[in-house]
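Visitor: I am new to this structure and would like a close look at one part of it. Please start there and then go on to the rest.

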Amino acid sequence: MKKILLIGNPNVGKSTFFSRLTGVDVVISNYPGTTVELKKGKMILDSQTVEIIDVPGNYSLDAGCKAEEVAVDIISKKVFNDDDIIINVIDSTNLERNLFLTFQLLEKGLPMIIALNFWNETRHKGIKIDVDRLEKLLDIPVVPTTALTGEGFKELVYRIKEAKASKDYSADKKPISNDKRWSQIGAIIKNVQKLHSKKHRWYERLEDISIKPRTGIPFAAAVLLLCFFAIRLIGENLIRYVFDPLFNLALPLLNSISSFSGNSFLHSIIIGNLVDGKIDFIQSMGFITTGLYVPIAMVLPYVFAFYLVLGFLEDVGFLPRLATLVDTIMHRFGLHGLAVIPMLLGLGCNVPGAMSTRVLETKKQRFIAATIMAICVPCMAQMAMIYGLLAKYGVSALIILFLTLLIIAIILGLAMHRLIKGVTPETFMEIPPYRMPMFKSLTKKLWMRTKYFITDAIPYMLLGVFIVNILYFTGIIEFIGNIAAPVVVKLLGLPKEAVASLIIGFLRKDIAVGMLIPLGLTMKQMIIACTILVMYFPCIATFAVMLKELGIKDMIKSTAIMVVVTLITGWILNMIL
Amino acid sequence: MSKSILEMEPESSAKIIELDGSEEFKRKLATLNIRIGKTIKKIAMQPFRGPIIIEVDATKVTIGRGIASKIIVEY
């Protein structure tokens, strides 16, 4: 099948292009490095199916830089067929520097068409580009586009068939030096681009405010605090006014199912145990009671609220600025500022968090970031449950938990930076301009992430509920509980029944937290149990991604750190609380 | 006269006259259009040996101080 590759610098809108051309939804954000792996989709072009490939962004095709290898591989002779073409997506507000990659592609003699994206931004930035002249000079089609609104897409799609190799710049003979390239680019820029003085827009002024240390730090603190309260407000109200009433509405139906199925094994699977003769949504542990209530009425509202807020921060372009502000601290941990991205995504779900460690350049950084995230960053699902559970003991319980996680993260970072071989390169990162989020792309991203939670989390939770029942029914919990008793009871000060929750925690941590409720734990035990559930091991889905990203050897190392650190932390908490 | 961008005042602009590093180093900087002859503006400097934010053409870039000390400008 014919392939069309989307290639361009990071954060020029390739994924938005991909989504528009194929109709496939992908996560799109305003920071470099959102796409970390090849994405493939299809579109019909002139009644022929073609494959569209979204290639992670790269600044050049020079070998020796790891992030750029994906693009180098895919345009190599082995993969690139004669009838394949490239759409080179360019940020037209940064034409000069984007043309460097364009020239490298042109020199390879590959059939290309250029999309001058962010065309709408050139207007208010006072940039004038003579598209016709650029097209003549480069000898390939050039189309101005604004992927977010769809402007220019008709023409682009129509002209895809005109894609061709440039006669003027194809160079199979000898390699061209970078200086030569830059001077060629300079000559073209002189010919096609005019800059006019521009008026600063209010959000451009905000760009400076949010990055200067004196104003940037208070600004970031205010933004994060605001986000926290927004998430709480949205989550709590969704529960109170939407989901709780919904489940209460269903209660009579559930009750009749309960009395109908009597006291059978089926009853304990479907409805679960009755608490004081009544269905308890949290404690009953049945398929259609706890199995649905926990994910839908306790976790989903917060997941939804979190992704709404995160999506907004991402699309505005706040994250690279936050990365700049925390860069100094992150360097103490062998990371750099961009490590806030895996940490923040990890707060939503550890799976995309682990995947996004790829924004970091070296193995050492990826190892440290993934390990800290797995140990110290609870996912939103788990946090929602912990919040629901610990809040009734007062704010102090929550503070102890999160303070512990923070302290562990700091100690782990300082220690790993010293003990783990490898380098932490200096920060060198592009900061995109603030952009107005588009309502449509915001809601689309929110829907994709929420859908992922619904389709991926709920089956696992139901499986978890099922396994809990089997484990209790067969007495396996009792058996493992006895074996683990010395550690769980003596070291951590928990009842041995807590083992069941730790076992289910491998599958889903939210349901595992819920399983602590019937145990009648004291506040101290509850804090220890929750802390351990956050730290001891990632859930199976996160584990799989980490294994893929880190490799088996490093994953064993990381796992060893998790277990040791968890036991020490649990023991210390047991001693001092 | 020359100095590194570390010594530049925030909000001031200057022309790059030297990049004190390997070819690989220069290649890396060039990807974000930091090249000899370009005019850059220093936007801010984070405290406690934190990174520096500069602007080249329309792009803002965060760079560590080690890199910044090797970017030499004319004044």
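In which sense do strand 2 and strand 6 of chain B pair, and over how many bridges?

Guide: The model is a predicted one. In it, strand 2 of chain B, residues 13-19, pairs with strand 6 of chain B in the antiparallel sense, and four bridges hold the pairing. One residue to look for is Ile16(B), whose bridge partner in strand 6 of chain B is Val73(B). Strand 6 of chain B covers residues 71-74, and three bridges join it to strand 1 of chain B, residues 2-4, which also runs antiparallel to it. There, Ser4(B) has Ile72(B) of strand 6 of chain B as its bridge partner. In general, the strands of a sheet pair through backbone hydrogen bonds, and the pairing is either parallel or antiparallel.

The largest pocket holds about 1700 Å³ of space. It is lined by 41 residues, and those closest to its centre are Leu224(A), Leu344(A), Leu347(A), Phe402(A) and Leu406(A). By class, the lining of this pocket has 39 nonpolar residues, one polar and one charged. Helix 17 of chain A provides the largest share of the lining, eight residues. Among the other helices of chain A that supply at least two residues each are helix 9 (213-261), helix 12 (319-332), helix 13 (340-348) and helix 16.

Helix 16 of chain A also gives two or more residues to the lining of the largest cavity, as do helix 11 (290-316) and helix 23 (540-550) of chain A, among others. Nine of the 11 residues of helix 16 of chain A are buried, so this helix is largely enclosed by the rest of the structure. The buried residues include Met380(A), Gln382(A), Met383(A), Ile386(A) and Leu390(A).

The whole structure has one cavity of 30 Å³ or more. The space in the largest cavity is about 330 Å³. Of its 29 lining residues, the closest to the centre are Cys349(A), Asn350(A), Cys379(A), Arg508(A) and Cys539(A). Helix 18 of chain A gives the most to this lining, six residues. The lining divides into 20 nonpolar, four polar and five charged residues.

Over all chains, the count of disulfides is zero. For Cys227(A), the nearest cysteine sulfur is that of Cys379(A), 19 Å away, whereas a disulfide needs the two sulfur atoms within 2.5 Å. Cys376(A) is likewise in no disulfide, and its nearest cysteine sulfur, again that of Cys379(A), is 14 Å away. Cys227(A) is buried, with a relative accessible area of 12%. Cys376(A) also counts as buried, at 7% relative accessibility.

Technical notes:
Residues are numbered from 1 along each chain as its sequence is written. Chains are lettered from A and ligands numbered from 1 in the order in which they are written. This is a predicted model: local features need pLDDT of at least 70, side-chain atom pairs count only at pLDDT 80 or more; totals for chains, interfaces and linings use all residues. Side-chain values use heavy atoms; hydrogens and water are left out. Buried means under 20% relative accessible area, exposed over 50%, partly exposed in between (1.4 Å probe, protein chains only). On a 1 Å grid over the protein atoms alone, a cavity is a set of points where a 1.4 Å probe fits but cannot get out, and a pocket is an open set with protein on both sides within 12 Å along at least five of seven lines; lining residues have an atom within 4 Å of a point. Grid points are joined across faces, edges and corners, and a volume is the space filled by probe spheres set on the points. Ala, Val, Leu, Ile, Met, Phe, Trp, Tyr, Cys and Pro count as nonpolar, Asp, Glu, Lys and Arg as charged, and the others, Gly among them, as polar. Two strands pair if DSSP finds at least two bridges between them.
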